[in-house]
Amino acid sequence: MSRIGKNPISIPAGVTVEVNDTTVTVKGKLGQLSQDYTNVTVKVEEGQILVERSSDSKEQRAQHGLYRALISNMVVGVSEGFTKELELVGVGYRASNQGQKLDLALGFSHNIVLEVAPEVKLETISEKGKNPIVKLTSHDKQLLGLISAKIRGFRKPEPYKGKGVKFVGEVLRRKAGKSA
């Protein structure tokens, strides 16, 4: 039995869960999310969501834990939300936003302008003497991870000086440079 898949998902107050033929829809104070599923059965009983499988085939075992994790992320997302913070490390690296447009100066000849999805709340923090921070908040964990990975991909942190776009709290593997 999948360790993750067999755990029930508790439904917090203010969250409603609807299970149709092959779709789970979760509504909460921060929004609504839905997920299609196959090869598993999803039941709502006594304030809990149970994900079960009918056989021990390799495909069903793999999807058992997957769909349980996806549904759990949906429940947490619509009730609490998710936040990712990216830090711009480097001289002259700047970030600003106007509405949903993120403007990044990352040492290239031109600034990078990225239109962020409306489901993601965008905020840039620039304090004197500190690295600029891009703060992304959303109820959809998959979309949030996709956008933050795209921003990080514009200038990944390099291992010698650590310059680039990194997640706040991310530990970088550093290398020693040439020794004289």
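Select Lys 130 and Glu 127 in this predicted model: their side chains meet in a salt bridge, with 3.5 Å from N to O. Colour the pair by accessibility. Lys 130 counts as exposed because its relative accessibility is 57%, over the 50% cut-off. Glu 127, at 44%, counts as partly exposed.

Side chains of opposite charge can pair when their charged atoms come close.

Next, select Glu 52 and Lys 43. These two residues form a salt bridge whose closest N and O atoms are 3.1 Å apart. Glu 52 is partly exposed, with a relative accessible area of 30%, and Lys 43 is likewise partly exposed, at 35%.

Proceed to Lys 27 and Glu 18, another salt bridge, in which the closest N and O atoms lie 3.6 Å apart. Lys 27 has a relative accessible area of 33% and is partly exposed; Glu 18 is also partly exposed, at 38%.

Now display helix α1, residues 58-79, and select His 64 within the helix. Is His 64 buried or exposed? His 64 is buried, since its relative accessible area is 0%, which is under the 20% cut-off.

Finally, view α1 from end to end. Its 22 residues should span 32 Å at 1.5 Å a residue, and the end C-alpha atoms are 33 Å apart, which agrees. After α1 comes Gly 81, where phi is positive, near 90°.

Definitions and conventions
Residues are numbered from 1 along each chain as its sequence is written. This is a predicted model: local features need pLDDT of at least 70, side-chain atom pairs count only at pLDDT 80 or more; totals for chains, interfaces and linings use all residues. Side-chain values use heavy atoms; hydrogens and water are left out. Helices (H or I, at least four residues) and strands (E, at least two) are DSSP runs, numbered from the N terminus. Buried means under 20% relative accessible area, exposed over 50%, partly exposed in between (1.4 Å probe, protein chains only). The expected span of a helix is 1.5 Å times one less than its number of residues. A salt bridge is a side-chain nitrogen of Lys or Arg within 4 Å of a carboxyl oxygen of Asp or Glu.
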